[in-house]
Number of protein chains: 2
Amino acid sequence: MQNKSALAAAAPFSEQEREAVYKAIFTRRDVRDQFLPDTVSDDVVQRLLKAAHHAPSVGFMQPWNFIIIRAQEERERVWQAFSSANDEAVAMFPDNRQSQYKSLKLEGIRKSPLNICVTCDRDRNGDVVLGRTHNTNMDLYSTVCAVQNLWLAARAEGIGMGWVSIFRDADLKGILGIPNRIEIVAYLCLGYVDQLYTRPELEIKGWNKRMPLEDVVFEGKWRGGS
Amino acid sequence: MQNKSALAAAAPFSEQEREAVYKAIFTRRDVRDQFLPDTVSDDVVQRLLKAAHHAPSVGFMQPWNFIIIRAQEERERVWQAFSSANDEAVAMFPDNRQSQYKSLKLEGIRKSPLNICVTCDRDRNGDVVLGRTHNTNMDLYSTVCAVQNLWLAARAEGIGMGWVSIFRDADLKGILGIPNRIEIVAYLCLGYVDQLYTRPELEIKGWNKRMPLEDVVFEGKWRGGS
C-alpha cells in the first residue's frame, strides 16, 4: 500500500447533503417513550453497527464491543436493575426535586424492541496506546464517539435511541456476562419512532434550560473566574 | 409549554439524506496534515459550535465550553506543549515501535488555522445530576458527544478535523487560562481540506488493522473469556 495513493480528493458535500447532516444532529433526541414495537431488521442493525465501528479511535484501537439484546426476559432483567438503581438515584436529589424526578420516564428498556450495550476493552492494544499516553480516558472517549455515530445513523434510519446510564455496573455485568475488567460505557434502547419531541425532553418538561451558545464559547482564553 | 404539543411527527429521512449522514460518518478522518491555510469564517465556526452544543447531555447539563484559538503565537505555545509531551510518549513505547511512532505526524496545531479546546465543567449543575448518579463519567461522555457532532458537521462543511490528546493537562491549562477544576476533554485542529485519506491514516501507515465488525458484536451476552 503506497501512502500517496491513499490520499484522494475530499468529496465535497452538496448543500442538500450538508443540511441532511445538520438535520440528523438537530432533530436527534434521547428517546424514552416513543418507541414502536416494529422489529429492527438485522440488515439495519448491521448498518448502525458499521457506523459505530467507523468512529474515530485513539491509536486506531477500536476498543468497543456491542452486545445486542432483543429477548424480552433479558430486557426485563435489565429493567429490574435500572429500577433498583433508580430508587437509589431518587433519594440523592433534594426533596423539592424528587417528585419531578419521579415523574420523568428515564428509559425505554422494555418498550424498545432492540437494546445494545456498548463496552470498552481497555486492554485491547496492550498497556501503551498511541494517543492514550497522557489522557488515560481516550479509549473511553473513542467508545463514546461510536455511540454518537450510532445515534445519528439511527436518526437517519427513522430509529429513535435513548441512552440509559442509571445502573450499578455489577448488576448489568452479571446479567450480560460482561467480565469485570471490561468497562460499560452505554446501554442503548432503540426502536422505530413516528413522533419525536421538537426540543430535548428535559427542556420541555422544565428540568433544565438550554444555555445560550455564546455563554459556552470563549475566544483565545478561558473567560471568567475559576 | 404543553408537553403534548411538543411532540411532532418524526420527519423521516429520504434515501439521499440518509446516505449523506453515512457519507459524513464513513469519510470522516482524523486529519493531521492536509489542512489548507484558508480562514474558517465566523459564521461557519458558529454552525460547527451550534452542532456541538446540540449534542445529548446527561440531565441536559450542557457541561461543555469551547475555547477558540486562532492566533499563531498561541498555537505555537500549544505546539510546544504537545512536543514536550510527545517526547515523553515516544519513550513509553517498546524499542521496536519507537521509530515508527516518531515517523507519524500526530497533530496539525500550527498548520490548521483554527484550534478549539473543548472542556467539561463537572460542577455546572451541582453535585447531583440526573443520569450521573451511578456513572460519574457521564458528563465527560456528553462532552465527547459534542466533539463527535462537531467532527461530522465539519466534514459536511468541507473542513477536516484532528483530535490531539498528547498533552500534560497542566501545560494546556496554563496556556489557555483554564481553571484547575475544569476537565480538558479534547484539543481540536480544524481547517479546510481538499484531500483526505480513503481509510484511517493509522491503518494506511500500518500502525494497526481494522477489526472485522463481527469480532466486536455479540448476541445476547458477552462472548469469550474474561
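Two residues are in contact if their C-beta atoms, placed from the backbone, lie within 7 Å. In this predicted model, the contact between the two chains takes 100 residues from chain B and 100 residues from chain A. Helix α1 (residues 15-27) of chain B supplies the largest share of the side of chain B that touches chain A, namely eleven residues. By residue class, that side of chain B divides as follows.

| Class, side of chain B that touches chain A | Residues |
|---|---|
| Nonpolar | 61 residues |
| Polar | 24 residues |

Two copies of a chain are related by a rotation about an axis and a shift along it. Here, chain B is superposed on chain A by a rotation of 180° with 0.0 Å of shift along the axis, at an RMSD of 0.0 Å. That is the relation of a two-fold axis. In chain B, the C-alpha of B:Val21 is the one nearest the axis, at 2.6 Å. The copies meet through the same surface, because 100% of the interface residues of chain B are also interface residues in chain A.

Strand pairing also links the chains: strand β1 (residues 7-9) of chain A pairs with strand β6 (residues 195-197) of chain B in the antiparallel sense, over three bridges. A:Leu7 has B:Tyr197 as its bridge partner in β6(B).

Helix α2 (residues 42-53) of chain A has twelve residues, which should span 16 Å at 1.5 Å a residue; this agrees with the 16 Å between its end C-alpha atoms. Its buried residues are A:Val45, A:Leu48, A:Leu49, A:Ala51, A:Ala52 and A:His53. Within chain A, the buried residues of α2(A) pack against β2 (64-69), β3 (114-120) and α5 (138-156), and in chain B they pack against α1 and β7 (217-219).

Key
Residues numbered from 1 in each chain as written. Chains lettered and ligands numbered in written order. Predicted model: local features only at pLDDT ≥ 70, side-chain atom pairs only at ≥ 80, totals over all residues. Helix = DSSP H or I, 4+ residues; strand = E, 2+ residues; numbered from the N terminus. Nonpolar A, V, L, I, M, F, W, Y, C, P; charged D, E, K, R; others polar. Pairing = 2+ DSSP bridges. Least-squares fit on C-alpha atoms with pLDDT ≥ 70 in both. Expected span 1.5 Å × (residues − 1). Buried ≥ 20, exposed ≤ 12 C-beta atoms within 10 Å, placed from the backbone.
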